[in-house]
Each structure stands twice: as structure tokens, then as C-alpha cells.
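Dear colleague,

I am passing on the structure below, and after it I set out what I found when going through it. Please read the notes with the model open beside them.

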Amino acid sequence: MSEALPVGERIAEYFGTDNARLMVTRPLRRAELSITHLWRNYEDVDQPVILPADDAFLVVLYLTDVEHRDVWPDRPAAPIKSYPKGSICLISLRQGAGIAIRGGFEALVFHIPRQHLAELADEAGEPRVEDLAICRGIEDRTVHNIGAALMPLFDMADDVRDRLLVHVALAFNAHIAKRYGRSRHQH
């Protein structure tokens with residue numbers, strides 16, 4: 001896979017889809033937030049989704065009920081788990097990640113570079129978030145509602161979408177940093 005592709009397109013390739021929709025914004029300075037709408041039906045013979053190491057996090061908002069298991073190169077795969085529609089998984093890509101998906105899959109995948117979290121903290125005058133709490137299959141109504149607000153943006157004209165997207169992205173990242181953020185300055 002080509003590293004020259006935008007992050008969202010690489011994510012679509014990792015998930016083995018050619019029908020993904022993508023939005024990218026630069027809410028503050030240099031770091032880009034990408035939001036990829038993915039859907040696919042996975043057969044038992046399909047290869048696992050392998051996400052390479054990256055200095056970023058993924059937030060996956062499931063738009064349908066999904067079944068998958070974590071896989072690792074050096075130990076047995078985890079058991080299959082069901083993740084209900086509207087739930088999220090937040091994962092660190094620091095060491096990469098792998099999942100084997102079974103059946104139908106539809107999700108919004110948010111790629112959040114660590115650099116963006118630093119820019120957000122600097123802009124707000126808050127301590128920098130050093131890490132995010134990793135979670136699997138939890139309900140987060142704010143992420144669910146932001147995801148619902150984002151879906152119509154995929155079909156809007158670029159200039160209208162881009163003006164709205166930057167504000168929604170800032171709200172999304174502020175929520176993620178506040179709810180899941182971990183810093184050295186916490187008591």
C-alpha cells in the first residue's frame with residue numbers, strides 16, 4: 001500500500017473496501033483529522049484487518065451490530081465479541097492493531113493523530129493529553145450524536161462541508177480529549 005495515499009484512503013485499503021467515503025479536515029494547525037465511512041460484508045475466509053503502527057488513535061463508531069476479534073502476530077486471537085450499533089472502540093495505533101471481522105460491518109472511523117491532541121491542548125491552554133483510555137464496545141452518546149451529524153456532510157458540496165466539518169471536528173476531538181484523555185498532570 002502506498003504511504004502517499006491520504007490516511008482515510010489507507011484505512012479503506014486496510015479494511016479491504018473500495019466503496020469508502022472520506023472527509024479530512026485540519027481543525028487547528030498542521031494535524032489532520034480524517035473520518036472514513038466504511039461498509040463491507042466479511043466472509044470467514046477474509047484476511048484480518050491489519051493496521052500498521054502510527055502515532056495516532058482510531059475511534060470506530062459502529063453503525064450496525066458488528067462481530068470481530070482482536071488478533072496479534074505473537075499470540076492466539078481473542079474470542080469473537082459482539083459490538084452493538086452505536087457503540088465505539090477507541091484504540092491506540094502506537095503498536096498497530098489487528099481485527100478479524102465476521103459478517104456485516106459499517107462504521108465511521110476517526111483517525112486522530114497525537115499531534116492534533118497536542119495542538120488542541122495548546123490552543124485551549126490546557127495540559128497536554130499524553131494518552132487516551134482504550135475502550136471496546138462502550139456507549140458514548142456524544143460520539144454517536146456527532147457521527148449522526150457527520151453523515152449528511154458526506155453528501156454536501158465541498159465548500160459547505162468544509163466550513164461545517166472543522167467545527168464538528170473540534171467538538172469531537174475536545175470531547176475525546178476530555179472524556180478519555182490522560183495526562184501527567186492529573187491528580
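**A buried asparagine and the helices around it**

Asn 173 has a relative accessibility of 0% and therefore counts as buried, the cut-off for that class being under 20%. Please keep in mind that this is a predicted model. Asn 173 is part of helix H4, and, if its neighbours within four places in sequence are left aside, the residues in contact with it are Leu 33, Ile 112, His 116 and Leu 120.

Helix H2, residues 114–124, packs with H4 at an angle of about 90 degrees, the two axes being 10 Å apart. Since angles of 65 to 115 degrees count as roughly perpendicular, H2 is therefore roughly perpendicular to H4. On the H2 side the contact is made by His 116, Leu 117 and Leu 120, and on the H4 side by Leu 170, Asn 173, Ala 174 and Ala 177. Sorted by class, the residues of this contact are five nonpolar and two polar, with no charged residues.

Helix H3, residues 141–150, packs with H4, residues 158–180, at an angle of about 165 degrees, with 10 Å between their axes. This angle makes H3 roughly antiparallel to H4, and the crossing in which H3 passes H4 is left-handed. From H3, the residues Thr 142, Val 143, Ile 146 and Leu 150 meet Leu 165, Val 168, Ala 171, Phe 172, His 175 and Ile 176 of H4. In the contact of H3 with H4, eight residues are nonpolar, two are polar and none is charged.

**Helix H1 and the chain overall**

In helix H1, which spans residues 7–14, the buried residues are Gly 8, Arg 10, Ile 11, Ala 12 and Tyr 14. Among the elements that cover them are strands E1 (21–25), E2 (33–42), E3 (49–51), E4 (56–62) and E8 (97–113). Just after H1, Gly 16 adopts a positive phi of about 70 degrees.

For the chain overall, there are four helices and 11 strands, and 44% of the 187 residues count as buried. The radius of gyration is 16 Å, which agrees with the value near 16 Å that a compact globule of 187 residues would have. Taken along the principal axes, the C-alpha atoms fill a box of roughly 50 × 45 × 35 Å. Of the contacts with a separation of 6 or more, 75% come from residues 24 or more positions apart.

Conventions: Residues numbered from 1 in each chain as written. Predicted model: local features only at pLDDT ≥ 70, side-chain atom pairs only at ≥ 80, totals over all residues. Heavy atoms only, no water. Axes fitted to C-alpha atoms, helices over the stretch in contact; angles between N-to-C directions. Helix = DSSP H or I, 4+ residues; strand = E, 2+ residues; numbered from the N terminus. Parallel < 35°, antiparallel > 145°, perpendicular 65-115°, else oblique. Left-handed = near helix turned anticlockwise from the far one by under 90°. Contact = heavy atoms within 4.5 Å. Nonpolar A, V, L, I, M, F, W, Y, C, P; charged D, E, K, R; others polar. Buried < 20%, exposed > 50% of the residue type's maximum accessible area, 1.4 Å probe, protein only. Rg over C-alpha atoms; globule rule 2.2 N^0.38 Å.
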